[in-house]
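Colleague: I am new to this structure. Could you show me how to read its features, one at a time?

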Amino acid sequence: MDPLEYKALHESAMQNNNGTSALNVFLHIVPSYFTIFHTVQLLSVASIAHIPGRFAVEFSLEVLPFLLMVTILHQLVVNIAVTLALVTGISVVHQMKNKTHLTPFVQIPGRRPQFMSATRALINLMTAVCILAVDFRIFPRDLAKTETFGFGLMDVGVGLYVFSNGIVYKADPERKLNLTRVKDVLVGCLPLCVLGVARFFVTQEIDYQQHVSEYGVHWNFFLTLAIVKFFGTLIMDAVKEPEIAKFIAITVLCCHEMMLHLGVSRYVLNEEIGRGNFLDANREGLASVPGYVALYLASTYIGSVMRPSVEIQPVKKFLRQTIKLSIIAGVCWKMIYVCEDMFGVSRRLANMGYVFWILSIGSTMSVLFMLLEVYVYYVRFEEPKTPDQIMKGDDFCIPYSPLILNAINENGLAFFLGANLLTGLVNMLFQTMLLEPPAALVINVYYIFMLCVVVVFMYVNKIKLKVW
């Protein structure tokens with residue numbers, strides 16, 4: 001097909017999508033948790049220490065199933081999710097039924113929680129899979145990004161990235177918000193700004209297909225992350241307490257929603273308005289910033305709920321945190337449908353409904369990974385240790401987190417940048433929308449396989465790409 005005709009075809013395929021339901025999107029995400037659970041189980045039983053062997057098992061059980069579920073197996077996702085949930089439940093009951101007397105003695109380490117790392121890495125992995133798969137016909141259109149309002153799997157990417165950045169923020173009472181601190185935060189955001197600007201110029205130079213109504217003409221994912229990180233970090237440095245950040249997040253979100261109803265929403269979604277100046281050209285990206293800042297602030301509060309506050313924590317206290325986060329998740333799920341009935345859910349506006357949707361997915365997956373942490377330490381119970389014993393050695397911490405997830409978490413930005421570069425390369429080499437399912441599947445498997453190989457190689461050889 002002629003390149004200009006194909007570009008028009010590709011862009012039209014990305015437009016006017018109305019999405020699916022919030023539940024259907026979640027059903028495409030949650031099976032990855034169950035596959036990780038069973039991978040941890042298998043690796044524990046098999047004791048696979050050989051890196052290539054462990055990589056093969058993890059890629060086959062964690063990465064490949066998610067790729068298949070968002071492509072050729074998407075129509076079976078409900079059956080897959082229910083089956084995996086039942087199998088997981090049976091496995092948990094079987095392993096724990098004879099160990100209830102150990103409950104008061106089980107301890108959870110508080111340093112570098114693995115469940116938080118696993119949550120962040122899984123978000124990165126799913127995003128990397130989807131950004132290429134969406135360019136093929138095997139990716140269902142109802143999971144693609146929605147045009148204005150609705151739920152699509154591709155809509156959660158930027159929101160979950162903001163969430164994953166927010167949950168790892170640690171308040172420091174000694175940190176002072178001054179000019180030096182502002183400069184430090186700005187320097188920390190510069191790599192994202194450089195990537196955002198570079199992406200714009202590269203896409204313009206090669207005439208890469210672009211969905212303008214996603215962020216705008218010049219704006220993109222990286223610039224949104226940079227702005228949110230800058231303002232979100234400074235606000236948190238000023239307030240210091242996550243409990244206060246929770247109320248600030250609600251205030252910012254309510255003000256943002258009010259401004260949308262007072263005319264900003266009509267301005268952003270009006271296709272008749274041209275893009276002659278910078279504000280008009282990038283109205284989607286600019287108008288959505290307050291919503292993402294509110295999401296970041298709310299995520300810092302959720303991170304404070306999740307994170308153990310001491311070096312060694314009894315399982316009962318850890319479970320109380322899990323229950324608290326479960327209640328937060330339940331409230332967020334309820335708010336999705338309240339907001340949907342009142343004013344809709346829109347990634348393009350990052351409105352209240354969208355923020356609650358991302359918080360519901362992020363907090364629910366965090367609860368599941370917290371339960372996985374409890375399960376691991378429950379079934380591998382050892383004699384209780386004192387904080388002094390823990391400080392003398394790391395044997396108390398059970399390294400159950402899968403190798404691929406650890407590797408992605410170690411080089412998260414490099415992994416995502418590599419995914420973007422390879423996605424662009426594949427789209428330059430192939431007219432992806434015209435490929436048949438077998439060829440499309442082979443390309444997607446090879447793409448994510450190579451990404452995982454590179455990032456695991458870097459992890460094993462202790463290579464960390466960080467330039468700031």
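Modeller: Take one pair to begin. The model is predicted. In it, Glu 271 and Arg 348 meet through their side chains in a salt bridge, 3.1 Å from N to O.

Colleague: Which parts of the chain does the pair of Glu 271 and Arg 348 link?

Modeller: Distant ones, 77 residues apart. Glu 271 sits in the loop between helix 11 (242–269) and helix 12 (278–281). Arg 348 sits in the loop between helix 14 (315–342) and helix 15 (352–379).

Colleague: Is Glu 271 buried or exposed? And what about Arg 348?

Modeller: Glu 271 counts as exposed, because its relative accessibility is 52% and the cut-off for exposed is over 50%. Arg 348 is buried, with a relative accessible area of 1%.

Colleague: Which residues are linked with Glu 271 and Arg 348 in a network of salt bridges?

Modeller: Glu 147, Arg 275 and Glu 284 join Glu 271 and Arg 348 in that network.

Colleague: What is the general idea behind such pairs?

Modeller: Side chains of opposite charge can pair when their charged atoms come close.

Colleague: How many salt bridges does the structure hold?

Modeller: It holds 11. One of them joins Glu 58 to Arg 54, with the closest N and O atoms 3.0 Å apart. Those two residues are 4 apart in helix 4 (residues 51–69), so about one helical turn separates them. Both Glu 58 and Arg 54 are buried.

Colleague: Where do Lys 145 and Glu 214 come in?

Modeller: Their side chains also form a salt bridge, 2.0 Å from N to O. Lys 145 lies in the loop between helix 6 (114–133) and helix 7 (156–167), and Glu 214 lies in helix 9 (residues 212–215), so the pair ties together parts 69 residues apart in sequence. Glu 214 counts as buried, at 18% relative accessibility.

Colleague: What about a charged residue that is buried yet has no salt bridge?

Modeller: Look at Asp 135, in the loop between helix 6 and helix 7. Asp 135 is buried and has no salt bridge. The nearest side chain of opposite charge is Arg 141, 6.8 Å away. A salt bridge needs the two atoms within 4 Å. Setting aside residues up to four places away in sequence, Asp 135 touches His 10, Met 14, Tyr 208, Thr 423, Asn 427, Thr 432 and Met 433.

Colleague: Now helices. How do I check the length of helix 7?

Modeller: Compare the end-to-end distance with the expected one. Helix 7 has 12 residues and reaches 16 Å from its first C-alpha to its last, close to the 16 Å expected at 1.5 Å a residue. Of those 12 residues, 11 are buried, so helix 7 is largely enclosed by the rest of the structure. Among the buried ones are Val 156, Tyr 161, Phe 163 and Ile 167.

Colleague: Which residues does Ser 363 touch?

Modeller: Phe 163, Ile 302, Leu 325 and Ala 329, not counting residues up to four places away in sequence. Ser 363 is in helix 15. It is buried, with a relative accessible area of 0%.

Colleague: Where does helix 8 bend?

Modeller: At Leu 190, by about 35 degrees. A proline, Pro 191, follows within four residues. The 27 residues of helix 8 (residues 179–205) should span 39 Å, and the end C-alpha atoms are 37 Å apart, which agrees.

Colleague: What caps the N-terminal end of helix 8?

Modeller: Asn 178 does. A side-chain oxygen lies 3.2 Å from the backbone nitrogen of Thr 180. Buried residues of helix 8 include Arg 181, Leu 192 and Phe 200. Helix 10 (221–239) and helix 18 (412–429) are among the elements covering the buried residues of helix 8.

Colleague: Last, backbone angles. What is the general idea for phi?

Modeller: Most residues other than glycine have a negative phi. Lys 240 has a positive phi, near 70 degrees. Lys 240 lies in the loop between helix 10 and helix 11. Lys 462 has a positive phi too, near 55 degrees, and is found in the segment after helix 19 (437–460). Lys 240 is partly exposed at 25%, while Lys 462 counts as exposed at 75%.

Key: Residues numbered from 1 in each chain as written. Predicted model: local features only at pLDDT ≥ 70, side-chain atom pairs only at ≥ 80, totals over all residues. Heavy atoms only, no water. Buried < 20%, exposed > 50% of the residue type's maximum accessible area, 1.4 Å probe, protein only. Expected span 1.5 Å × (residues − 1). Bend = angle between axes of the 7 residues up to and from the residue. Contact = heavy atoms within 4.5 Å. Polar contact = N/O pair within 3.5 Å; in protein donor to acceptor, adjacent residues only side chain to side chain. Lys, Arg positive; Asp, Glu negative; His and termini not counted.
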